[in-house]
Amino acid sequence: MGLLKVSASPHIRHEDTTRVLMSDVIIAMIALVIWGAYVFGLRVITVTAVSVISCVAFEFLFNLIIKKPSPVGDLSAVVSGMLLAFNLPATIPLWIPVVGAAFAMIVVKGLFGGIGKNFMNPVLAARVFLFASWPSHMTNYSEPLMRLPLFGEGIDAVSSATSLTLLKSGQLPDLSVKDMLIGNMAGCIGEISSILILAGGLYLIVRRVITWHIPVSFIGTVAIFSLIFAPSEINALTYMTAELLSGGLMLGAIFMATDYVTSPVTPKGRLIYGVGCGLLTMFIRNFGGYPEGVSFAILIMNLFVWYLDRGTKPVKFGGGKKNAKA
Amino acid sequence: MSNIKKIFTDGLFDKNPILVQLLGTCATLAVTTSVSNGLAMGLSTTAVLIFSNVFISLLRKFIPGEVRIASYVVVISGFVTAIELLIKAFLPEINKSQGVFIPLIVVNCIILSRAESFASKNSVLYSALDGVSMGAGFTLALVIVSAIREIIGSGTFLGMRILPDSYEPALIFIMSAGAFFTLAFVVAGMNKILSAIKKKSQKEGK
C-alpha cells in the first residue's frame, strides 16, 4: 500500500524535497558571495562562514535540547545563514552574525515550531533585531573596492553613505546606472549587485523553485510608485532606476519575500502580497524615519499571509457561487 | 494560619499578577526600562493596592452591588492621587522618571481585580495582607523583567555598570520590543517552574 500516502495539506505532488529546493537557492546565491568578496574584500567570506556555521549550529543545538529530530540536513539553516550575512555590511564585528543567528534560529524559528511553522522570516527578523540593537555597526558601510582582509577588524573602514540615504534627502546618488546595476557601490554584502540577484532569481524561476508573482508585483509596485511620486526637480525615470537598484529591494523581493513558509501559496495571494510589500517599502522610504523599508515591509506582510491564503482560496472545480446554493 | 500562607503563595507565585494572571501588562511593558523605575512603580502600586483593599473591604457591606465598580474606582483614584502628590512632594526624581505612569496606576487592572475578587469578599486583615502579597508579587515581577532589560540593554544594574566595558548593550532591550521579548521569556520560565513544582507535589502526594 505504499501508493497511498496520508499527509497534511497543501497536497502538492512534486519530487522536490526541502533539500533539493534549498540547494537550488544556495546555487543562486553563490555568485553574490563571490561578487561581495570582490567588492568588499575577503572579509565577506569570513562573515558569511561565521553566519552559516552559527545558524546551523544553533538549529542543531536547539533541536538537540528540545529532543526533536535534527532538521539540519534540509539545508534551510545554511540558506538562512547566507541570507543573514547578505544583510550585514562587510565591516561588521564577527559576534554580530552569531547573535543574529541565535535570534533567527532559536527565537523566531525554533520556538514557533521549526521550519514551516515560523510566522515571520527568521533572517529579516534577525536583521531588524540587530539593526535596532547595534545601529552604528549595522550601518557602517565600507567604500566599494576598498577591500578588507580575510581576518582582522573592519571597524576602521571609512563609512560611506548609501544611495538610499541620499535619495531620502532628495538627492540622486553619484553613481552611474551601470555601477548600480553590476553593484559597484556601498551597501550590505549581498544586496549590491542587482544584475547577479536578478540572474539568481531567473534561475530559481526556471527551476520552479519560486514563481514570478511576488518578485514582479513587488518590484513593479515600487517602480510605479516611484514614477508617480518622483520629486519634481529629478527626472522620473532616473529617480525610478535609483530607487529600484539601490538598497535591499532586489535581494528582498527575490530571496526574502519568496520564502515558502512566510509567503502565500495561492497566485492571487502572492500578487497581493507583493503589491503590499512594494507599497509599504515605498511608504517607509518616502515618509518613514528609516532610509530603507524593505525588511520592515516584508515582515509586516508576513503577518498577513494567513489572511491572504484564506481570502484567495481558489474555487474548487464545479464549485463556485453558481452551484453553491443548489 | 494556612489562609495567610495561601494569600502569600498566591500573590508571589501561584496567582502572581503579572507572571500568571498577566494583569497590568501595560505598566510592566512601559516602565521596566531600568531596575529603579521598575522598583518605584512596584512600590507605589503596592501602596495603592494595600490602601484600596483595606478601604474597599471596610466598605464592602455598604457599597450597593449595582454601582460597585464605579465606587471601587473612586476609592482607588483617591489613593492614587494621594500617592502621586506625595511622590511629587518628596521624591521629585521618581516623579520625573515615571511621568504619566503614576496617575495611570488608577487604571492598572491588578488593583480593580483584587478589589472585585478579594477585598469585596474578605475581612479587613486578610484584604490588607492580600494587598501586601499581590503588591510584592507585582514588584518582584517588575524587578525581574527590568533587571534583565537593564543588564542586557544598558549593561548596568541600578545604574551601576556591571558588565565589562567591551560589552556593547543591545539597545532593543530598552525599547518596547525588548519589553515584549523579556516578559514572554520570564512568563515562560515561570510556567516551567510552577509546573515542575506541581508535578513534584503530585508525586509526593501519591
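Modeller: Two residues are in contact if their C-beta atoms, placed from the backbone, lie within 7 Å. Helices (H or I, at least four residues) are DSSP runs, numbered from the N terminus. This is a predicted model, where local features need pLDDT of at least 70 and side-chain atom pairs count only at pLDDT 80 or more, while totals for chains, interfaces and linings use all residues. Residues are numbered from 1 along each chain as its sequence is written, and chains are lettered from A and ligands numbered from 1 in the order in which they are written.

Biologist: Which residues in H7(B) meet H8(B)?

Modeller: From H7(B), Ile144(B), Val145(B), Ile148(B), Arg149(B) and Gly153(B); across from them in H8(B) sit Gly178(B), Ala179(B), Thr182(B), Leu183(B) and Val186(B).

Biologist: And at what angle do the axes of H7(B) and H8(B) cross?

Modeller: Two packed helices are described by the angle and the distance between their axes. Axes are lines fitted to C-alpha atoms over the stretch in contact, with angles from 0 to 180 degrees between N-to-C directions. Here H7 (residues 124-154) and H8 (residues 176-205) of chain B cross at roughly 130°, their axes coming within 10 Å. That makes H7(B) oblique to H8(B); oblique is what remains after under 35 degrees (roughly parallel), over 145 (roughly antiparallel) and 65 to 115 (roughly perpendicular).

Biologist: Is H12(A) buried or exposed?

Modeller: A residue is buried if 20 or more other C-beta atoms lie within 10 Å of its own, and exposed if 12 or fewer. In H12(A), residues 249-256, eight of the eight are buried, so the helix is largely enclosed by the rest of the structure. Leu249(A) and Phe255(A) are among them.

Biologist: How many residues does each chain give to the contact between A and B?

Modeller: Six come from chain B and four from chain A.

Conventions:
Helix = DSSP H or I, 4+ residues; strand = E, 2+ residues; numbered from the N terminus.
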